[in-house]
Amino acid sequence: VNNQHRILVQKSAHGSDNLESMFEKRLARIGTMVVMLDEWKEPIYLSRIWTIFEQACAVKLRIPVTMLLPPSASSSLIAKLETGRKGIEEVQNHLQCIDSEHARAFKPEDERRVKTHIQNTL
């Protein structure tokens with residue numbers, strides 16, 4: 001399991017110092033990723049640099065990602081998709097709107113390191 005709390009707070013690794021060796025190797029070994037979103041329009045998940053990094057790793061490693069939504073957001077998503085092509089395009093636009101430049105991390109040094117890593121390697 002890749003767990004930022006364990007990596008950062010419990011110091012089982014060195015924060016963002018060794019991203020590839022910690023996260024990418026574990027993700028490749030696990031072979032799948034589950035993401036919990038709060039909503040499909042502008043999810044908080046896509047405003048955090050660590051979670052954007054997770055998605056970039058999944059794409060790079062060709063790891064399948066399952067996204068989960070709470071019931072109200074799930075109902076909203078289904079309703080939007082049922083409107084047809086225009087609704088599908090709107091959902092795609094929201095979920096593909098990733099702005100890593102303005103994404104944040106709890107620790108400023110992690111934010112800098114993760115952004116640098118994304119720019120240099122992905």
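The legends below describe close-up views of a predicted model.

Local features were taken only where pLDDT is at least 70 and side-chain atom pairs only at pLDDT 80 or more, whereas totals for chains, interfaces and linings use all residues. Residues are numbered from 1 along each chain as its sequence is written, and side-chain values use heavy atoms, with hydrogens and water left out.

**View 1. Overall architecture of the chain.** The chain has 6 helices and 2 strands, arranged along the sequence in the pattern α-α-β-α-β-α-α-α. Helices (H or I, at least four residues) and strands (E, at least two) are DSSP runs, numbered from the N terminus. Of the 122 residues, 32% count as buried; buried means under 20% relative accessible area, exposed over 50%, and partly exposed in between, with a 1.4 Å probe and protein chains only. Among the contacts in the chain with a separation of 6 or more, 71% come from residues 24 or more positions apart. Contact means heavy atoms within 4.5 Å.

**View 2. The aromatic cluster of Phe23, Trp50 and Phe53.** These three residues form one aromatic cluster. Rings of Phe, Tyr and Trp (its six-membered ring) pair if their centres lie within 6.5 Å; planes under 30 degrees apart count as stacked, over 60 as edge-to-face and the rest as tilted. By this rule the count comes to 2 aromatic pairs. In the pair of Phe23 and Phe53, which is tilted, the ring centres are 5.7 Å apart and the planes make an angle of 55°. This pair links distant parts of the chain, with Phe23 in helix α2 (residues 19-30) and Phe53 in helix α3 (residues 49-61), 30 residues apart. Phe23 is buried, at 8% relative accessible area, and Phe53 is buried as well, at 0%. The pair of Trp50 and Phe53 is edge-to-face, with 6.5 Å from centre to centre and 85° between the planes. Both Trp50 and Phe53 belong to helix α3, where they are 3 residues apart, about one turn of the helix. Trp50 has a relative accessible area of 10% and is therefore buried.

**View 3. Packing of helix α3 against helix α6.** Two packed helices are described by the angle between their axes and the distance between the axes. Axes are lines fitted to C-alpha atoms, for helices over the stretch in contact, and angles run from 0 to 180 degrees between N-to-C directions. Helix α3 packs with helix α6 (residues 108-121) at an angle of about 25°, and their axes are 10 Å apart. The two helices are therefore roughly parallel to each other; angles under 35 degrees count as roughly parallel, over 145 as roughly antiparallel, 65 to 115 as roughly perpendicular and the rest as oblique. The crossing of α3 and α6 is left-handed, a term used if the near helix is turned anticlockwise from the far one by less than a right angle, with right-handed if clockwise. On the α3 side, Ile49, Trp50, Ile52 and Phe53 take part, and they meet Asp110, Glu111, Val114, Lys115, His117 and Ile118 of α6. By class, this contact of α3 with α6 has 6 nonpolar, 1 polar and 3 charged residues. Ala, Val, Leu, Ile, Met, Phe, Trp, Tyr, Cys and Pro count as nonpolar, Asp, Glu, Lys and Arg as charged, and the others, Gly among them, as polar.

**View 4. Packing of helix α4 against helix α5.** Helix α4 and helix α5 (residues 85-95) pack at an angle of about 135°, with an axis separation of 7 Å. This angle makes α4 oblique to α5. Leu77, Lys80 and Leu81 of α4 make the contact with Gly87, Ile88, Glu90 and Val91 of α5. The residues of the contact of α4 with α5 divide into 4 nonpolar, 1 polar and 2 charged.

**View 5. The surroundings of Ala73.** Ala73 is found in helix α4 (residues 71-81). With a relative accessibility of 7%, Ala73 is buried. Apart from neighbours within four places in sequence, Ala73 is in contact with Asp38, Glu39 and Trp40. The C-alpha atoms of Ala73 and Lys41 lie 8.8 Å apart, although 32 residues separate them along the chain.

View 6. Glu42, although not a glycine, has a positive phi of about 50°. Glu42 lies in the loop between β1 (33-36) and α3, and is exposed, with a relative accessible area of 65%. Arg62 is not a glycine and has a positive phi of about 55°. The loop between α3 and β2 (65-68) holds Arg62, which is exposed at 77% relative accessible area.
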